[in-house]
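Please look over the sequence and the fold below before reading on. The paragraphs after them start from a single residue and then widen to the whole chain.

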Amino acid sequence: MSTFFQLIFSGLETGSIYALAALGIIIIFRTSRTTNFAQGAIGMFNCYVATVTLINLEVPVWVAVLVGMLTAFATGVFVDLVIIRRAQKVSSVAKQIITFGIIMIFTGLAPIIFGTMPLSFPRFILQGSLDLFGASISYNGLLNIAIGLLIMGVLFYFLQHTKWGLAVRVTASNDATARLMGVPTSMVTMGAWAIAAALGTLAAIMHAPNISVGVNMMENVQVNAFIAIVFGGFQSFHGPVIAAYIIGLSRNLLLFYGSSTWGEPILYGLILLFIVFRPNGLIGKKIVKKV
């Protein structure tokens, strides 16, 4: 049983990373009707900023993380104001292609600015572990799980119980109607891009100790985040988050108890089979348009 709980805790930590990335993508999709394929690239770039700040200025880890989050907010605002807002009249497919262009921009700038050598980012808590149910989980792992759950809890509370949260939900439901009701949809969209960039950066920083900081560090996280969105459903904010944790937990269990080679293909095959029978996802609902 100790091995089982070890896998559960590890899966929750991985699921938190996937969930943060997925939540950023779905916030942008719901508010601006844009599938942001550049979520991982933006997170990677600002993770580089945090890492270089930590190495060159020799500041505490939390200060470097704060710097990375602040530059992420600025990056999100810049992308929305300079690129996305100028492409409002183009089709949704064209907007998706634009986000592919954003990937090329940030993956091209990163090695030019920060160099081509992989960098390392330390854990928030370097040492120490806690024994739970016979399993040993590091304090850093517990912190990652807590950070993921806390941030998503705060965001969901914000969405459900504040005026700005109501503005986000109204914009997500129908942006044209929201504008007629006086909702500042442009501010909502800009805020969505800023928050999404910060969530992607935090996911990258949490993932960085497990892998070197490099241009391709977020590829696996990005893929699993998109799978979680399709699996959880595009029509809700919480569906992709739930799906992300399911993927994180199921992946670990299948790799250990199933096959280290075929565990992931089996998981993705099961998700694909589920989507065939329920194409709107776990939480998604079928949208019926009345004429």
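Which residues does Thr51 touch, not counting residues up to four places away in sequence? They are Leu119, Ser120, Phe121 and Val213, where contact means heavy atoms within 4.5 Å. Thr51 lies in helix 2 (residues 39-57). Its relative accessible area is 0%, so Thr51 is buried; buried means under 20% relative accessible area, exposed over 50%, and partly exposed in between (1.4 Å probe, protein chains only).

Two notes on the basis of these values are needed here. The model is predicted, so that local features need pLDDT of at least 70 and side-chain atom pairs count only at pLDDT 80 or more, while totals for chains, interfaces and linings use all residues. Residues are numbered from 1 along each chain as its sequence is written, and side-chain values use heavy atoms, with hydrogens and water left out.

Phe121, one of the residues touched by Thr51, has contacts of its own with Ala50, Thr51, Leu54, Val61, Ala64, Val65, Ile205, Ala208, Pro209 and Val213, again leaving aside residues up to four places away in sequence. Phe121 and Val213 also belong to the largest nonpolar core, which has 76 residues. Such a core is a set of buried Ala, Val, Leu, Ile, Met, Phe, Trp, Tyr and Cys residues joined through side-chain atoms within 4.5 Å. The residues with the most contacts inside this core are Leu23, Phe121, Val213, Met217 and Ile247. Helix 8 (residues 185-207) gives the most to the core, with 12 residues. In soluble globular proteins, nonpolar side chains tend to be buried together.

The secondary structure comes to 11 helices and 2 strands. Helices (H or I, at least four residues) and strands (E, at least two) are DSSP runs, numbered from the N terminus. From that end, the elements run α-α-α-α-β-β-α-α-α-α-α-α-α.

Strand 1 (residues 129-132) and strand 2 pair in the antiparallel sense over 4 bridges; two strands pair if DSSP finds at least two bridges between them. Strand 2 (residues 135-138) has Ala135 and Ile137 on a covered face, and Ser136 and Ser138 on an uncovered one.

The structure holds 2 salt bridges, each being a side-chain nitrogen of Lys or Arg within 4 Å of a carboxyl oxygen of Asp or Glu. Arg251 and Glu264 meet in one of them, at 2.5 Å from N to O. This pair links distant parts of the chain, with Arg251 in helix 10 (residues 238-258) and Glu264 in helix 11 (residues 263-277), 13 residues apart. Glu264 has a relative accessible area of 22% and is therefore partly exposed. Asp80 forms a salt bridge with Arg85, the closest N and O atoms being 2.7 Å apart. Asp80 counts as buried because its relative accessibility is 2%, whereas Arg85, at 27%, counts as partly exposed.

Across the whole protein, buried residues make up 46% of the 291 residues. Of the contacts with a separation of 6 or more, 74% are between residues 24 or more positions apart. The C-alpha trace spans about 60 × 50 × 35 Å along its principal axes.
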